[in-house]
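Please open the structure in your viewer and keep the sequence panel beside it. The tour below moves from one selection to the next and says what is found at each.

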Amino acid sequence: MKLLYNHHSIFFSLFTRQLSLSSFPPLKPNLNSQCINGHLQESLLQMAFKGPEMIFDGYNTLLNDCVNRKAIREGQRVHAHMIKTCYLPPPYLRTRLIVLYTKCDCLGDARHVFEEMPERNVVSWTAMISGYSQRGFGFEALHLFVRMLRSGTEPNEFTFATVLTSCTGASGFELGRQIHSLIIKQNYEAHIFVGSSLLDMYAKAGKILEARGVFDGLPERDVVSCTAIISGYAQLGLDEEALELFRRLEKEGMSSNYVTYASVLTALSGLAALDHGKQVHNHVLRCELPFYVVLQNSLIDMYSKCGNLNYSRRIFDIMPERTVISWNAMLVGYSKHGMGREVVELFKLMREENRVKPDSVTFLAVLSGCSHGRLVDKGLEIFDEMVKGNNGIQAEIEHYGCVVDLLGRAGRVEEAFEFIKGMPFEPTAAIWGSLLGACRVHSNIDIGTFVGQRLVQIEPENAGNYVILSNLYASAGRWEDVRKVRELMMDKAVMKEPGRSWIELDQTLHTFHASDRSHPRREEVFWKVRELSIKFKEAGYVPDLSCVLYDVDEEQKEKILLAHSEKLAMAFGLIVASERVPIRVIKNLRICSDCHNFAKLISKFYGRDVSLRDKNRFHHIVGGICSCGDYW
């Protein structure tokens, strides 16, 4: 799905990816270091006393204790004892040493043991591959897997399940497809571990149909495979499909765990389905599921994307442990709501606590919050600190993009243009797109024309670039240029994504498109919009005809404005929702200024809180006043 190009959509997708890829903690906590006493220490003394008389059983018991407790020093003593007494451990014990070293993040030592093995079996190969794979060294894991095949060792189901997790990126995915063929040849496709890893690989590569095919072919499913496919749909933005599958699997008896609910919350975040999100939260509380930090992070993200920052902050404040992702989730929430001062205050608190170090996403959230919150000088100050290296985080291309947006949003378009010219990076399409959007808002035709033409060259298939350039020309009345841009779109077969808005009422999502005639209560909705327009005009409302980018007369422009999907959704909310119930509307594209004004009037005249969420941010309107301060 391609939306109008803006660096903020890139930033929020980066954060969502960080949230979804955060490592899930184990279901059973590890024993802490205080437990490494007693029996283990006594066994080590006995090992020293026995010397060369130590046998397989004794070493096996000791190494298993060390592995279970991640006792690296004690494990090294066992390994050293083997070497000193000239004991030649069989492949099984050498493999236990590999497992110990990989679990304790000593991959170099594990590889040394592996390379010294006079003979290796499938378990030892799999242990070493797993060590690399679980710690993010995908290339090494895949290279070792190829070596294994060349050695003549046949992989088993655990080898396949492990190596597939490293099949990411374009080259990794292609190798993953070849591994899938090998899996079919060796009849492992129906194995639950292999199937779960396969569908996860396809889902992460965006191949959801292939992932679903693998899932449907599994003879039996467990919570891991069910969660993997639900998460796949959610991470690709197929939120309704993710929820539909979750409901179906629950009816079939799936027993969800905290990872499943975290994936479901991701889908609910995309739909801004607050009532459903509260239900999931309540269900988690009733089931007394462990509140691991990843689930709390997902709850913070869900509530903020559903427009309820008070709930997000309440969860954040009571967390016994916060990771950098927890802080980022809260910072992003404030940023998307245009609450720049709250972003800066929370960032200050994070630094003062000094328990968790900010990462690059943290600074993206802070810079974005300054941009949306009209804190230009503060944003530039923080960016300058990054460039000087004062924060320990190196400024990346996305941070430079935030500064371009910061300056452009403030109307300093020429300064933003010069800033791009002086960047140490080649400007990306996202950065040019951010500047083009600023040119559109602030009517800078000259720079906008240059940037728009540059974008069309860089990304000829992105409809958003053509649309913004066309809008820029239309706002200046250059209808001949508008016609040329639209002809170019037709020549290149580029299609603009249609705008749509949806509203959740009584746990049902109602979707509207511009000039929508498909809703069962369409006539009632259109009548209500016209009624609102008349009422607001009597109070001084003047339609913002500049939002209509067609060369038609004013009467026709006003009709087009009244048929915008946001207005239809808000009118439906007034018709159906009880009085004083907030109206929450979500749009897939950016809302127009006329619909923004219309929402403020609904809030003022009907005493309703109105929340509008578009692809970049929230507008929370109370008593006719928007949280954005009309700075967007």
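Predicted model: local features only at pLDDT ≥ 70, side-chain atom pairs only at ≥ 80, totals over all residues.

Begin by selecting helix α2 (residues 39-50) together with helix α3 (residues 56-69), whose axes come within 11 Å and cross at roughly 145 degrees; the crossing of α2 and α3 is left-handed. To see where they meet, show the side chains of His39, Leu40, Ser43, Leu44 and Met47 in α2, which contact Tyr59, Leu62, Asp65, Cys66 and Arg69 in α3. Sorted by class, this contact of α2 with α3 comprises six nonpolar, two polar and two charged residues.

Next select helix α28 (residues 479-491), whose 13 residues reach 18 Å from the first C-alpha to the last, close to the 18 Å expected at 1.5 Å a residue. Within α28, colour Asp481, Val482, Val485 and Met489, which are buried, and then look down the helix axis: the buried residues of α28 fall within an arc of 105 degrees, so they line one face of the helix. On the face of α28 turned away from that buried side you will find the exposed residues Met490 and Asp491.

Finally, centre on Ser269, which lies in helix α15 (residues 258-271). Is Ser269 buried or exposed? Its relative accessibility is 1%, and because buried means under 20%, Ser269 counts as buried. Leaving aside residues up to four places away in sequence, Ser269 touches Asp301, Met302, Lys305 and Arg613.

Note on methods: Residues numbered from 1 in each chain as written. Heavy atoms only, no water. Helix = DSSP H or I, 4+ residues; strand = E, 2+ residues; numbered from the N terminus. Buried < 20%, exposed > 50% of the residue type's maximum accessible area, 1.4 Å probe, protein only. Contact = heavy atoms within 4.5 Å. Axes fitted to C-alpha atoms, helices over the stretch in contact; angles between N-to-C directions. Left-handed = near helix turned anticlockwise from the far one by under 90°. Nonpolar A, V, L, I, M, F, W, Y, C, P; charged D, E, K, R; others polar. Expected span 1.5 Å × (residues − 1). Arc of directions from axis to C-beta.
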